[in-house]
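I opened my notebook to look up the fold and a few backbone angles. My notes start once the structure is on the page.

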Amino acid sequence: MLINSLPKEKQVMMKVSDFLGMLSELYRRERSFRNFVLNPLVPLDAKLSYLKALREKIGITKEVDDTLSHLLELNALPLISEIKRFYDYEVEKTLRFSKALLMLAKKTDGAVIERIKNVVSKVLGRDLEFEVIEDASLIGGFVVKTYGFVIDTSVKKTLLNVMRG
């Protein structure tokens with residue numbers, strides 16, 4: 001329902017993904033938010049008005065309002081993290097685009113990072129938007145994570161496999 005209501009533009013769809021992620025974090029971490037959306041004494045219109053105000057503040061397209069209303073009617077906000085996960089999967093299929101996390105053991109030359117990005121994008125057959133972070137616990141190598149795919153070439157993973165035997 002949500003994917004069909006949105007324009008098939010990468011920027012719009014990714015912004016909605018970020019919005020769903022924010023709602024998921026709010027629901028998971030903020031008791032007052034959770035109590036508000038689950039309280040049967042709070043009118044549905046008040047809940048929807050609150051979510052619309054959040055949507056507007058972040059600059060999300062109003063096409064998501066029907067989905068938000070539907071989620072509230074079904075009292076399905078407790079499932080928002082799963083809904084986001086499914087949405088991200090469908091966006092990947094629709095746009096042939098994914099967000100990816102590239103974790104490196106240490107600061108790495110830009111040319112090496114670009115080479116890793118190009119090879120992973122080619123192997124997966126889709127455009128990837130990378131977030132690059134350092135994680136010294138990897139010891140060496142790198143890890144690439146997308147929604148449905150993980151490449152782990154880290155020394156840490158190799159050592160763990162050796163220890164398991």
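These entries go from the whole chain down to single residues.

**Entry 1: the model.** I noted at the start that this is a predicted model.

**Entry 2: the elements.** I looked up the helices and strands. The chain has eight helices and four strands. I then read along the sequence and wrote down the pattern α-α-α-α-α-α-β-α-β-β-β-α.

**Entry 3: inside and surface.** How much of the chain is buried? I found that buried residues are 38% of the 165. The chain exposes about 10200 Å², and carbon and sulfur atoms supply 54% of that area.

**Entry 4: contacts and charges.** I took the contacts between residues at least 6 apart in sequence. Of these, 65% join residues at least 24 apart. I also located the charges. The 27 positive and 22 negative ones have mean positions 5 Å apart.

**Entry 5: phi angles.** Most residues other than glycine have a negative phi. I looked for positive values. Asn75 has a phi near 55°. I placed Asn75 in the loop between helix 5 (65-73) and helix 6 (80-95). Ile139 has a phi near 70°. Its loop runs between strand 2 (127-134) and strand 3 (142-145).

**Entry 6: accessibility.** Asn75 counts as partly exposed because its relative accessibility is 42%. Ile139 is at 55%, so it counts as exposed.

Key
Residues numbered from 1 in each chain as written. Predicted model: local features only at pLDDT ≥ 70, side-chain atom pairs only at ≥ 80, totals over all residues. Heavy atoms only, no water. Helix = DSSP H or I, 4+ residues; strand = E, 2+ residues; numbered from the N terminus. Buried < 20%, exposed > 50% of the residue type's maximum accessible area, 1.4 Å probe, protein only. Contact = heavy atoms within 4.5 Å. Areas by Shrake-Rupley, 256 points an atom, 1.4 Å probe, with all protein chains shown as cover. Lys, Arg positive; Asp, Glu negative; His and termini not counted. Charge placed at Lys NZ, Arg CZ, Asp CG, Glu CD.
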